[in-house]
Amino acid sequence: MNPPLAADAGAASNLLVLDGVGKDYPKLATRGGRLRLVVNLLRGRGAAESFRALDDVSFAMRRGQSLAVVGENGAGKSTLLKIVAGVIRPTRGRVDVQGRIAALLELGSGFHPEYTGYANIDLAAALLGLDPAEIADRREAIVEFADIGPHIHDPIKTYSSGMVVRLGFAIATALAPDVLITDEVLAVGDESFQKKC
């Protein structure tokens, strides 16, 4: 059951609204199926067969609220979060976001493995829309929060998964996003870091 959309009076204060969102993925069993899909898409038709990952998801969220998406493996939780984050587009429905979104969906996504932690801070912050002055203002706070010590000067490819999470979370939260999306990424951090987050 979907939570109701906000009434007219509160609609202006909604930070995030999903209305009738659905996502379908084409079923491709063979190499020939892929070719048929490309031909169908070029002709303006959809896939002949598809898997419905999400159907008719609607909710509204206001500033200060938290929302947990709970379900079995394969229920569409990650697909929903990727749609909200703007990583993928819904097949149908509407997504309206009023504010900045930061997402921690997959460990290390967006980090360059050959770059140091410091260089990846600059890269990630720039990709998230911060200008050089904003990055410079927040860099030391990010390093302090990540608390990975001298490893901040090492290439990311040498980091443990926990260190990658610490740095990614520190960057995402330093942006002061209006919406922070996490998909089980904090399960890897140690207990003290989870409490800190």
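**Figure 1. Packing of the buried residues of helix α3 in the predicted model.** The buried residues of α3 pack against β1 (14-26), β2 (50-62), β3, β4 (101-104) and β5 (179-182); packing here rests on contact, meaning heavy atoms within 4.5 Å. Those buried in α3 are K77, T79, L80, L81, I83 and V84, where buried means under 20% relative accessible area, exposed over 50% and partly exposed in between (1.4 Å probe, protein chains only). Helices (H or I, at least four residues) and strands (E, at least two) are DSSP runs, numbered from the N terminus. This is a predicted model, in which local features need pLDDT of at least 70 and side-chain atom pairs count only at pLDDT 80 or more, while totals for chains, interfaces and linings use all residues. Residues are numbered from 1 along each chain as its sequence is written, and side-chain values use heavy atoms, with hydrogens and water left out.

Figure 2. T79 is found in helix α3 (residues 77-85). Its relative accessibility is 14%, so T79 counts as buried. Leaving aside residues up to four places away in sequence, T79 touches K23, Y25, A53, L54 and I88. G86 follows α3 and has a positive phi, near 85°.

**Figure 3. Crossing of helices α4 and α5.** The axes of helix α4 (residues 117-127) and helix α5 (residues 132-146) come within 10 Å and cross at roughly 130°. Axes are lines fitted to C-alpha atoms, for helices over the stretch in contact, and angles run from 0 to 180 degrees between N-to-C directions. The two helices α4 and α5 are therefore oblique to each other; angles under 35 degrees count as roughly parallel, over 145 as roughly antiparallel, 65 to 115 as roughly perpendicular and the rest as oblique. On the α4 side, Y118, I121, D122, A125 and A126 meet I135, R139, E140, I142 and V143 of α5.

**Figure 4. Elements and confidence along the chain.** Seven helices and five strands make up the elements of the chain, in the sequence order α-β-α-β-α-β-β-α-α-α-β-α. Of the 197 residues in the chain, 31% are buried. The average pLDDT of the chain is 81, and 77% of the residues score at least 70; pLDDT is the predictor's confidence in each residue, from 0 to 100. Confidence is highest in strand β3 (residues 92-97), at a mean of 95, and lowest in helix α1 (residues 8-11), at 49. Where pLDDT is low, the predicted coordinates should not be read in detail.
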